[in-house]
Amino acid sequence: MHTLNILIMGFISIVIVNNLVFTKFLGICPYLGVSGRIDMAFGMGMAVTFVVTLSGTLTWLIDHLILMPYGLEVTRYVCFILVIAGAVQLVEMYIRRFFPSLYDSFGIFLPLITTNCAILGLCLFINLYGIDNLVEAVVLSFGAGIGFTMAICIMAGIRETLDMADVPACLKGAPITLITAGLLALAFMGFAGMIRIG
Amino acid sequence: MASNSEARAGIYGDTFLAGLWRENPVLRLLLGMCPTLAVTAAVKPAFTMGCCVIFVLVCSNIIVSLMRNLLKPHLRILMFTLTISTFVTIADLFLKAYVPRMSEMLGPYVPLIIVNCIIICRAEACASKNGLAVSVIDAIGMGVGFTLTLCVLAGVRELLATGAIFEIQILALQKEGGWFVAWAAMGMPVGAFLTLGLMLGLVNIISKGRT
């Protein structure tokens, strides 16, 4: 029961309280780039969730089974980025095969998941928090993906409405999106301190 | 011959200046947003971050430029990433050894330079197509442009959040008998998003006024 409690708390914490986009600024590039329409935002969120769960789990395993026992921590970043690039390649092949229309609308942003900071960032945070339990690592990675999906879908919803709004010419596009993100971050700050890790 | 070298100097100067304003990575190309937002709560970490990015950018551009004829198209992104992550590891170990306090402050954002889109974008757009000299100058221009933007953003935020720039007190805080009320939100994520958004708006106004 106690373990389950920790897992649920960890999940809520990474989805809401320590949301990667609003508190750690990770994954801002696709967040600004793909949040124009809600269906694309959701597809992107799902792709990121899959990649982040896979790579979070794999990097934890590699870190604890190979790098740490043999004292190879120096190569950690190189290994992490290789795992992520491989996972993204897998997702890209899968989407091209089964959802060709989605594949076309993503364009350059799909391979760019490799350079999505949220994914590498999460792998590094798992390492930084000193998570020494595989289940916790999996739950945290999955939660990070869900948190990203939630953030990007909220943003897409707002931006679809924002298209009708009378925004000053100089703020159109990225600036107003950033300002909106700022207000969202302010709202999410209300959750701060709800749960403390560790 | 003289005109040839003059023309070449012109190209170099142009490449350098492009990174500072016309193609400024943050303000114009919207690249590398994550570190821009994350490390700009104060000027000191922002400056350190900028220096790390310049180092990694220059080194990886040199290597990519040297091996540009050996690259296979479908493997090139992988090669770029591996090159970049090697230099980031060097930078990270250097910071840990010589400025441990700063390394602790920047935390995971140093390794996150690997996925900084600026570096991969310059490797792809410039270094894999141009010779050594142009690549190095482009890297320096882009890096300096990035660092300057970071420092300006961090300056505004630090001033409003603590009344200081580079940890030197400029505005007298109210709790110490002055008049300035520290604006805590500026040091938090909210401040980063808002300031950058307004800054981009300002840049739009300035560049429109010119043309």
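**Questions on the model**

Reply: Phe25(A) sits in the loop between H2 and helix H3 (28–33) of chain A. Helices (H or I, at least four residues) and strands (E, at least two) are DSSP runs, numbered from the N terminus. This is a predicted model, in which local features need pLDDT of at least 70, side-chain atom pairs count only at pLDDT 80 or more, and totals for chains, interfaces and linings use all residues. Residues are numbered from 1 along each chain as its sequence is written, chains are lettered from A and ligands numbered from 1 in the order in which they are written, and side-chain values use heavy atoms, with hydrogens and water left out.

Me: What is the phi of Phe25(A)?

Reply: Most residues other than glycine have a negative phi. Phe25(A) is not a glycine, yet its phi is positive, at about 55°.

Me: Is Phe25(A) buried or exposed?

Reply: Buried means under 20% relative accessible area, exposed over 50%, and partly exposed in between (1.4 Å probe, protein chains only). Phe25(A) has a relative accessible area of 5%, so it counts as buried.

Me: Which residues touch the most other members of the largest nonpolar core?

Reply: In soluble globular proteins, nonpolar side chains tend to be buried together. A nonpolar core here is a set of buried Ala, Val, Leu, Ile, Met, Phe, Trp, Tyr and Cys residues joined through side-chain atoms within 4.5 Å. The largest one has 108 residues, and the members touching the most others are Ile28(A), Tyr31(A), Ile113(A) and Leu120(A).

Me: Which helix gives the largest share of this core?

Reply: The largest share is 10 residues. They come from chain B, from helix H3 (residues 43–66).

Me: Which residues are in contact with Tyr31(A), leaving aside its neighbours within four places in sequence?

Reply: Contact means heavy atoms within 4.5 Å. With those neighbours left aside, the partners of Tyr31(A) are Val21(A), Phe22(A), Ala151(A), Ile152(A), Met155(A), Ala181(A) and Leu184(A).

Me: Which residues line the largest cavity?

Reply: On a 1 Å grid over the protein atoms alone, a cavity is a set of points where a 1.4 Å probe fits but cannot get out; a pocket is an open set with protein on both sides within 12 Å along at least five of seven lines; lining residues have an atom within 4 Å of a point. Grid points are joined across faces, edges and corners, and a volume is the space filled by probe spheres set on the points. The largest cavity has a volume of about 30 Å³. Its lining is Ile14(A), Asn18(A), Leu20(A), Lys24(A), Phe125(A) and Tyr129(A).

Me: Which elements give two or more residues to the lining of the largest cavity?

Reply: Both belong to chain A. They are helix H2 (20–24) and helix H7 (117–129).

Me: Which residues lie nearest the centre of the second largest pocket?

Reply: This pocket has a volume of about 370 Å³. H4(B) gives the largest share of its lining, four residues. Of the 16 lining residues, those nearest the centre are Arg76(A), Tyr77(A), Asp92(B), Lys96(B) and Pro111(B).

Me: With which residue does the side chain of Arg76(A) meet in a salt bridge?

Reply: A salt bridge is a side-chain nitrogen of Lys or Arg within 4 Å of a carboxyl oxygen of Asp or Glu. Arg76(A) is in helix H5 of chain A, and its partner, 13 residues apart, is in helix H4 (residues 38–67) of chain A. Both are buried. The N to O distance is 3.1 Å, and the partner is Asp63(A).

Me: How many residues apart are Asp92(B) and Lys96(B)?

Reply: Their side chains meet in a salt bridge (3.2 Å, N to O). Asp92(B) is buried at 4% relative accessible area, whereas Lys96(B) is partly exposed at 46%. Both lie in helix H4 of chain B, about one turn of the helix apart, that is four residues.

Me: How many residues apart in sequence are the parts that Glu124(B) and Arg76(B) tie together?

Reply: These two form a salt bridge, with the closest N and O atoms 2.8 Å apart. Glu124(B) is partly exposed at 27%, and Arg76(B) is partly exposed at 25%. Glu124(B) lies in helix H6 (residues 117–127) of chain B and Arg76(B) in helix H4 of chain B, so the parts tied together are 48 residues apart.
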